[in-house]
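Me: I would like to learn how to read a model like this one. Can we take it feature by feature?

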Amino acid sequence: MTKTANTAERQPTAHTAVPPAPAPPPAGNRRRRRLTDQVRAYAFLLGGLLCFALFSWYPAIRAVVIAFQTYTPGSPPAWAGTANFTRVLHDPEFTAAWRNTLAFTLLALLLGFAVPFLLALVLNELRHAKAFFRVAVYLPVMIPPVVSALLWKWFYDPGAGLANETLRLLHLPTSNWSNGTGTALVSLVIVATWANMGGTVLIYLAALQSIPGELYEAAELDGANLLQRVRHITVPQTRFVILMLMLLQIIATMQVFTEPFVITGGGPENATVTVLYLIYKYAFLYNDFGGACALSVMLLLLLGAFSAAYLRLTRSEGDA
């Protein structure tokens, strides 16, 4: 009887009072808390913004100013108007540098655009050792650019280089490679393609794996062969990625510097002088910072047009 009474006492009755819900904080406290969170977020961003301003924005603005000045270290700058641009435009190396840069960009598009896409198609069809081949393809990207260029410089050596030694072993004619006026630029394009295609291959591979398999199955049932499947399914489904990477590759290849600087030194006979290498020569060999900045502004305007096209492409795809 005592146990029953104790149990009845522990059970809640219908008249037990329910504690009231906590009152919401005042509107002023909510606004104050929201303002505190925003201030904290902008404080974290402030460090990154300062780094960008100090190491990216300020040098760019300073270069634009120096492009219109006669600037020599150790002497005060003087306003020169467009004299730097006029002098650079009449330099014979200017024409050679732009011609070589555009030729390098076109050759890099032919090799560096097609080869990674074909490799991605092959890797996508593999059934075994996928991880190994992905690492093997991406490995050149992890090698420092200067080290990679030095390795290829030894590989292209016309005397005891590995390329000519292999050709001699196969009883084939040798080549001057990076030392010949007709082959130097193509040799540098091969180096740049080998060194940078790993990331492009992985991006293409990710795009290929996002294509629904039902499309390929339906095409096979309709009797489509491999080339037809690539043409009518793979290329249309990866069109945005292809255009995006093509624009990025144009922007990157027009800034080529490491390969001509390390491997050929701009030679032979200015066959591999690029715009960025000519900027280096103006600044650090000719001690003409005004001419170097004028060239930089020209390159900035051209690359800005491609960057605007890239941003417009990505924005339109995001809106779609």
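**Reading backbone, surface and pockets**

Reply: Start with Ala 129, which counts as partly exposed because its relative accessibility is 43%. Keep in mind that this is a predicted model.

Me: Where does Ala 129 lie?

Reply: Ala 129 sits in the loop between H4 and H5.

Me: What is the phi of Ala 129?

Reply: The general idea comes first. Most residues other than glycine have a negative phi. Ala 129 is not a glycine, yet its phi is positive, about 55°.

Me: Which loop holds Glu 269, and what is its phi?

Reply: Glu 269 belongs to the loop between H12 and H13. Its phi is positive, about 55°, although Glu 269 is not a glycine.

Me: Is Glu 269 buried or exposed?

Reply: The cut-off for exposed is over 50% relative accessible area. Glu 269 has 74%, so it is exposed.

Me: How do I read the peptide bond between Gly 267 and Pro 268?

Reply: Most peptide bonds are trans. The bond joining Gly 267 and Pro 268 is cis, with omega about -5°. Pro 268 is placed in the loop between H12 and helix H13 (275–285).

Me: Now the surface. Which residues make the nonpolar patch of about 760 Å²?

Reply: Tyr 42, Leu 45, Leu 49, Phe 52, Trp 57, Ile 61 and Val 65 make it. Take Leu 45 as a case. Leu 45 lies in helix H2, residues 27–66. Its relative accessibility is 49%, so Leu 45 counts as partly exposed.

Me: What is the volume of the largest pocket, and which residues are closest to its centre?

Reply: The volume is about 540 Å³. Of its 29 lining residues, Ala 192, Ala 195, Asn 196, Ala 252 and Thr 253 are closest to the centre.

Me: Which helix gives the most to that lining?

Reply: H8 gives the most to the lining of the largest pocket, 10 residues. Helices that each supply at least two include H4 (92–125), H8 (184–209) and H11 (239–253). By type, the lining of the largest pocket has 19 nonpolar, 9 polar and 1 charged residues.

Me: And the second largest pocket: how many residues line it?

Reply: It is lined by 19 residues. Nearest its centre are Leu 121, Asn 124, Glu 125, Tyr 216 and Leu 226. The second largest pocket holds about 440 Å³ of space. H4, H8, H9 (213–221) and H10 (226–237) each supply at least two of its lining residues. That lining divides into 9 nonpolar, 4 polar and 6 charged.

Notes:
Residues numbered from 1 in each chain as written. Predicted model: local features only at pLDDT ≥ 70, side-chain atom pairs only at ≥ 80, totals over all residues. Heavy atoms only, no water. 1 Å grid on protein atoms, 1.4 Å probe; cavity = no way out; pocket = protein on both sides within 12 Å on 5 of 7 lines; lining within 4 Å. Points joined across faces, edges and corners; volume = space filled by probe spheres on them. Helix = DSSP H or I, 4+ residues; strand = E, 2+ residues; numbered from the N terminus. Nonpolar A, V, L, I, M, F, W, Y, C, P; charged D, E, K, R; others polar. Patch = residues over 30% accessible without salt bridge, like charges linked within 9 Å, V, L, I, M, F, W, Y side chains within 5 Å. Areas by Shrake-Rupley, 256 points an atom, 1.4 Å probe, with all protein chains shown as cover. Salt bridge = Lys/Arg side-chain N within 4 Å of Asp/Glu carboxyl O. Buried < 20%, exposed > 50% of the residue type's maximum accessible area, 1.4 Å probe, protein only.
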